[in-house]
Amino acid sequence: MSNINVTVWNEYRHEKQSEQVKAIYPEGIHRAIANYLNGQDGLEAGTAVLDEPEHGLTDEVLDRTDVLIWWGHLAHDEVSDEIVEKVRQRVLCGMGLIVLHSGHGSKIFQALMGTNTGALKWRDDGEKERIWIIEPGHPIPKGLGEYIEIPKEEMYGERFEIPAPDELIFISWFEGGEVFRSGCCYKRGQGHIFYFRPGHETFPVYHHPEVLQVIANSVRWAAKSELAKFSYGRVAPLETVR
């Protein structure tokens, strides 16, 4: 059985601009995730970042990508609409997409959801987050207990302006009392999409073993489409990416 090929995309800006973030992720958030995935059976991960030509998402890279992981925050507007449309086409034709944390405000997530996905409550006080698993039989939380606890995180709160998920896997609770739909599954065309909330850059969330396990599980879930590798460009183009 061939490996699942993963591309981990990251702006790679916080790590260059903040010594605090660089100390946590000296090689970048993308490398922290990719290094973990490359240690898992059946997964092979590469990386791409915003400032590379075509944001690192060339046709050659996307042709070999079964699942794309997306982390963005500071520079959503710098991602070209042309690249967004190209990625959207790939998802509709079967490529899996995992959107992490502040990637909720990315152009690609908005284009696929059709709503203002950047709209939510937030507070960066380093509160405890408890991520409750509400669908324990689903493959994404496989191997976990009742919940994941993160000692310090940025709070996201409802209302989160997303369509109702096809499947809701996790709900987060924070010390301030807020709750949040933090693990949301969608299908768009032939592609499987998973939004996973944890991952603020000033905390070592992508060193948390259970968070990384969820990402690996979600990659396997998102790669299940049998149509992930057929010819692209058959889907009607999106006229405007907001």
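Met-113 sits in helix H6, which spans residues 107–113. In this predicted model, Met-113 is buried, with a relative accessible area of 6%. Its contacts, leaving aside residues up to four places away in sequence, are Pro-163, Tyr-186, Arg-188 and Ile-193.

**Around helix H6**

- Met-113 and Pro-165 are 52 residues apart in sequence, and their C-alpha atoms are 9.9 Å apart in space.
- Ala-111 is also found in helix H6.
- Is Ala-111 buried or exposed? Ala-111 counts as buried because its relative accessibility is 16%, and the cut-off for buried is under 20%.
- Between Ala-111 and Trp-9 there are 102 residues of separation along the chain, with 17 Å between their C-alpha atoms.

**The chain as a whole**

- The chain holds seven helices and nine strands.
- With a radius of gyration of 17 Å, close to the 18 Å that the globule rule gives for 242 residues, the chain is as compact as a globular protein of that length.
- Taken along the principal axes, the box filled by the C-alpha atoms is roughly 45 × 40 × 35 Å.
- How many of the 242 residues count as buried? The share is 56%.
- Among contacts with a separation of 6 or more, 72% come from residues 24 or more positions apart.

- His-14 lies in helix H1 and counts as buried, at 10% relative accessibility.
- Which residues does His-14 touch, not counting those up to four places away in sequence? They are Val-21, Trp-71, His-73, Leu-74 and Glu-201.
- Helix H3 covers residues 29–37, and its buried residues include Ile-29, His-30, Ala-32, Ile-33, Ala-34 and Leu-37.

**Salt bridges between separate parts of the chain**

- In total, the model has 16 salt bridges.
- One of them joins Asp-51 to Arg-13, with 2.8 Å between the closest N and O atoms.
- This pair links distant parts of the chain, 38 residues apart: Asp-51 is in the loop between strand S2 (43–49) and helix H4 (59–63), while Arg-13 is in the loop between strand S1 (4–10) and helix H1 (14–17).
- Asp-51 is partly exposed, at 48% relative accessible area, whereas Arg-13 is buried, at 14%.
- Another salt bridge pairs Arg-181 with Glu-158, and here the closest N and O atoms are 2.9 Å apart.
- Because Arg-181 lies in strand S8 (residues 179–188) and Glu-158 in the loop between strand S6 (147–157) and strand S7 (167–174), the pair ties together parts that are 23 residues apart in sequence.
- Arg-181 is buried, with a relative accessible area of 15%, and Glu-158 is partly exposed, with 23%.

**Further salt bridges**

- Glu-127 forms a salt bridge with Arg-123, and their closest N and O atoms are 2.6 Å apart.
- Which way do the burial labels fall in this pair, buried or partly exposed? Glu-127 is buried, with a relative accessible area of 8%, and Arg-123 is partly exposed, with 24%.
- Salt bridges also link five residues in a network, namely Glu-54, Asp-59, Asp-63, Lys-86 and Arg-90.

Conventions:
Residues numbered from 1 in each chain as written. Predicted model: local features only at pLDDT ≥ 70, side-chain atom pairs only at ≥ 80, totals over all residues. Heavy atoms only, no water. Salt bridge = Lys/Arg side-chain N within 4 Å of Asp/Glu carboxyl O. Helix = DSSP H or I, 4+ residues; strand = E, 2+ residues; numbered from the N terminus. Buried < 20%, exposed > 50% of the residue type's maximum accessible area, 1.4 Å probe, protein only. Rg over C-alpha atoms; globule rule 2.2 N^0.38 Å. Contact = heavy atoms within 4.5 Å.
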